[in-house]
Amino acid sequence: MLRDAPSVAARSSEGSGRSELVSSCPRVVADPSAKSALFFVNSFTGGGAERVCFDLIAESSKNQDVKVVVCDGRADYGALPERCEILDLDIGPSLSNVGRMRAILAARDRINGFIGDINRYDQISAHLNMSHLAASISAAAPRALYVMHGAQVAQDPHRTLRHRLALRAFYRKKQIVCVSKGIESELVELYGFDREACIAIHNPLDLDRIDRLEDEGVPDIPAGPYILAVGRLNKIKRFDRLIDLFSMGGFEPDMKLVILGTGDEEDAIWQRVREAGLEGRVLLPGFAANPYAWMSRCSAFVCCSDSEAFPVGLVEALYCGARVVAADCDYGPREILTGDLARYLVEPIDDIPRYIEAVKAALEWYPKLDPAAFEGYRTGAIVGAYKRRWAEVFG
């Protein structure tokens, strides 16, 4: 599906010139009457939401030309297909949030020049906060879907009036896509968004890629049993809980804990590991280009987060046959672990003995899932849902 090449033939000349994002294959000359898709994204590095954006763009490019405005063009996921044209604003994480916002505002003319005629598109979507800002100052602003990949409780735990007013002011008259029903309910019921302007569309799974990669040999995978967690190493993922449950759980001595991901909490995690005396039993291999090989071989997959919008990693792990245990946090896990799987939701989400009980129960027995149950998550189906929503409100 994707072409892996070291140079960029299809990148806009407005970009930074970095070479990670687009295949070097010659550009396909498009029918000038054909419609294109336009995406605004933060980056293609590090997190589940970024992986989702990459997959949506790659899938869309199978059937049409795609333009992408990306704030930070670093890439973890390989090269996008040749039908993608990229404007990399080169606004990296070294800048403060205020600095990034100023840089985006200053790039307005570049963005509009890259977009061109707004009538050429039959789908426009912006993903994550900084890309929402980029879309909102551009000519695409009134015809974009603004995608909420995170719960507001993660940014506004005390439900402050200031945050509510700012949120409603920014998204006033905008069309919102929420990656879970929980996010949709939060925005409508707690923040006063127009229910008619919001719709839930779940995150996609590239089932073909998972099928191709889950049996791939990966040398770093432990030979013995291990509990697995995957995600950006930040505070909201609560890897401290994961380490505590592993430390207190009385698991067999050969059981290991593996945490895949990178982030600014890595030093704190290692400190917690040392305090618990778990050196050698806890592994942090970093970012994994193929997490599915780890998922398909793990003894259990555990999520201890304070908040999850729609954690696609849980669905991927289930598809790979993993035994998933998750915090019953707002909002995504309870939309994924339903029916017989609901017994593996942990509430209260900070109750370590309950995590231990749930993990041990999963190790003893776990329901077998029908692969057909995942078809609705297939990337092509989700791209189709975005197109239908865009046509419904803007077509």
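Start by selecting Glu184: it is buried, with a relative accessible area of 10% in this predicted model.

How many salt bridges does the structure hold? The count is 22, so there is more to click on, because side chains of opposite charge can pair when their charged atoms come close. Pick Glu375 and Arg378 next: their side chains meet in a salt bridge at 2.9 Å, N to O. Glu375 is partly exposed at 38% relative accessible area, and Arg378 is also partly exposed, at 26%. For a network, select Arg51, Asp55, Asp206 and Arg209, which are joined by salt bridges that share partners. One further stop is Arg343 with Asp340, where the closest N and O atoms are 3.9 Å apart. Asp340 is partly exposed, with a relative accessible area of 46%.

Time to switch to cartoon view and look at a sheet. What is the strand order in the open sheet of 7 strands? Reading across, you get β3-β2-β1-β4-β5-β6-β7, with parallel pairing. The edges are β3 (84-88) and β7 (198-200); each has a single partner strand, so one side of each has no neighbour in the sheet. On average, neighbouring strands here are turned by 25° against each other, ignoring direction.

Zoom in on β5 (residues 145-148) and β6 (residues 175-178): these strands run parallel and are joined by 4 bridges. Click Val147 and you will find its bridge partner, Val177, in β6.

Now bring in the helices. Select α3 (residues 108-115), which packs on the sheet and touches β1 (36-44), β2 (66-75), β3 and β4 (121-127). The direction of α3 makes about 170° with that of β3. Then select α15 (residues 379-394), which lies across β4, β5, β6 and β7 and runs at about 110° to β4.

Next, the rings. A search of the whole structure finds 10 aromatic pairs. Phe246 and Phe251 make a stacked one, with 5.9 Å centre to centre and 20° between the planes. Both of these phenylalanines, Phe246 and Phe251, are buried. Compare Phe310 and Tyr377, a tilted pair with 6.0 Å between centres and 35° between planes. This pair links distant parts of the chain, 67 residues apart: Phe310 is in the loop between β12 (307-308) and α12 (312-319), while Tyr377 is in the loop between α14 (352-364) and α15. Phe310 counts as buried at 4% relative accessibility, and so does Tyr377 at 14%. For a cluster, select Tyr146, Phe170, Tyr171 and Phe193, which form one aromatic cluster.

Last stop: cysteines. Cys178 is buried at 0% relative accessible area. Cys71 is buried too, at 2%, and its sulfur is 11 Å from the closest cysteine sulfur, that of Cys53, again too far for a bond. The disulfide count comes to 0.

Terms used. Residues are numbered from 1 along each chain as its sequence is written. This is a predicted model: local features need pLDDT of at least 70, side-chain atom pairs count only at pLDDT 80 or more; totals for chains, interfaces and linings use all residues. Side-chain values use heavy atoms; hydrogens and water are left out. A disulfide is a pair of cysteine sulfur atoms within 2.5 Å. Buried means under 20% relative accessible area, exposed over 50%, partly exposed in between (1.4 Å probe, protein chains only). Two strands pair if DSSP finds at least two bridges between them. Helices (H or I, at least four residues) and strands (E, at least two) are DSSP runs, numbered from the N terminus. Axes are lines fitted to C-alpha atoms, for helices over the stretch in contact, and angles run from 0 to 180 degrees between N-to-C directions. Contact means heavy atoms within 4.5 Å. A salt bridge is a side-chain nitrogen of Lys or Arg within 4 Å of a carboxyl oxygen of Asp or Glu. Rings of Phe, Tyr and Trp (its six-membered ring) pair if their centres lie within 6.5 Å; planes under 30 degrees apart count as stacked, over 60 as edge-to-face and the rest as tilted.
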